[in-house]
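I opened this notebook to record what I looked up on charged pairs and on strand order. The entries follow the model itself.

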Amino acid sequence: MTPDFLRYSCQIALPGFSEETQRLLQNARVLVVGAGGLGCPAAQYLAAAGIGTLGIADFDTVSISNLHRQILFTPTDAGKKKALVARENLQKQNPDIRLVAHDIHVTSQNIMDLVSHYDIIVDGTDNFDTRYLLNDAGVLAGKPVVYGAIYQFEGQVAIWNVKNHNGTRSPNYRDLFPNVDASVIPNCAEGGVIPTLAGIIGCMQANEVLKYITKTGELLAGKILIFDAQTLQSRIIKIGTVTQTHITRLTKTILAPTISAADLKRELAAGLTQLVDVRSNREHEEFNIGGEHIALDQFGDHIDRFDTMQKTALYCSSGKRSGEAVKMIKKKYPNSNVFSLDGGLKDWDR
């Protein structure tokens, strides 16, 4: 065994593995989109296993409230760009692989160029717009996408768009969920998530990548695994062997314009901006910074009430739900003067 392969000796010793199998990993190019609760453990194990080129795409910054599940980061990283910190830490873990940081918003304008440099995509995102975008880009580019999702105590794993022996493709995310209304599904900031679940599902995603590249085991293609962290029970639901969707183009990305806490405070003092709280009733009653309250799950019924000419700032705890609400308004009224409070109430407090 060559010295370069010493760190991989235990996986090379596996039945069906060899140094040639390890070279498949060394030649592989894997893109992890989202350096969050799922992307952190997935990227760590892919780096440790010797993936030759590992890309990390994320435009967000490290937040203290996410450290319980985003295990690549420490409190001293707060405020720093996730993609850059992840690249630095993963490179220390394995100096022999190539790490690429993509500190960008992944949009319909750049996604096809981004995925063209990789063999397989790991979906570690936490919003539906990007999840559908990755799925559709994977279909159009002929690249498999490893899906993962977590909420409270439940997680899901699957691999989409795998090429079958007859040239057809396995089902993708739209075969299972043709369309999802993001406004009615709480995120982790609102509903919570147990941190160990992120590690379990992220590792399962990395496992699917390793199986795909090394052509070992049985992929979660055409099926989805549902895992319950409270009971440690899992079940696999079969979807089918061939996709029934016909994706021909990408849905245009709508980015939610943001306003910083400092700028918003100045504008409120000058009476230039009105506020809308999109959090739950409980959150609003416990604490708010004023303004009208319209919970995100009821937002669709109230869009027509907005004065599209009046500058309006929407807020929530982290900026994710308010961003979704802003995008809902922008879809219907593209020229509306609405913004999401960047960083939410966490940044407001700071």
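I call a residue buried under 20% relative accessible area, exposed over 50%, and partly exposed in between (1.4 Å probe, protein chains only). The model is a predicted one, in which local features need pLDDT of at least 70 and side-chain atom pairs count only at pLDDT 80 or more, while totals for chains, interfaces and linings use all residues. Residues are numbered from 1 along each chain as its sequence is written, and side-chain values use heavy atoms, with hydrogens and water left out.

Entry 1, salt bridges. I took a salt bridge as a side-chain nitrogen of Lys or Arg within 4 Å of a carboxyl oxygen of Asp or Glu. I found 20 of them in the structure.

Asp 277 is buried at a relative accessible area of 0%, and Arg 279 is buried at 5%.

I then turned to Asp 123 and Arg 131, whose side chains form a salt bridge at 3.2 Å, N to O. Both of these residues are buried as well.

I also noted a network of salt bridges that links Glu 19, Glu 20 and Arg 23.

Entry 2, a pair between a loop and a helix. I use helices (H or I, at least four residues) and strands (E, at least two) as DSSP runs, numbered from the N terminus. Asp 304 and Lys 332 form a salt bridge, with 2.9 Å between the closest N and O atoms. Asp 304 sits in the loop between β11 (292-293) and β12 (312-315), and Lys 332 belongs to helix α12 (residues 320-332), so the pair ties together parts 28 residues apart in sequence. Asp 304 counts as exposed at 54% relative accessibility, whereas Lys 332 is partly exposed at 46%.

I count two strands as paired if DSSP finds at least two bridges between them. Five strands make an open sheet with parallel pairing, in the order β9-β13-β12-β10-β11. β9 (258-259) and β11 are the edge strands with a single partner each, so one side of each has no neighbour in the sheet.

I examined β12 and β13 (residues 338-341), which run parallel and are joined by three bridges. Ala 313 has Phe 339 as its bridge partner in β13.

I found α12 lying across β12 and β13, at about 170° to β13. Contact here means heavy atoms within 4.5 Å. The axes are lines fitted to C-alpha atoms, for helices over the stretch in contact, and angles run from 0 to 180 degrees between N-to-C directions.
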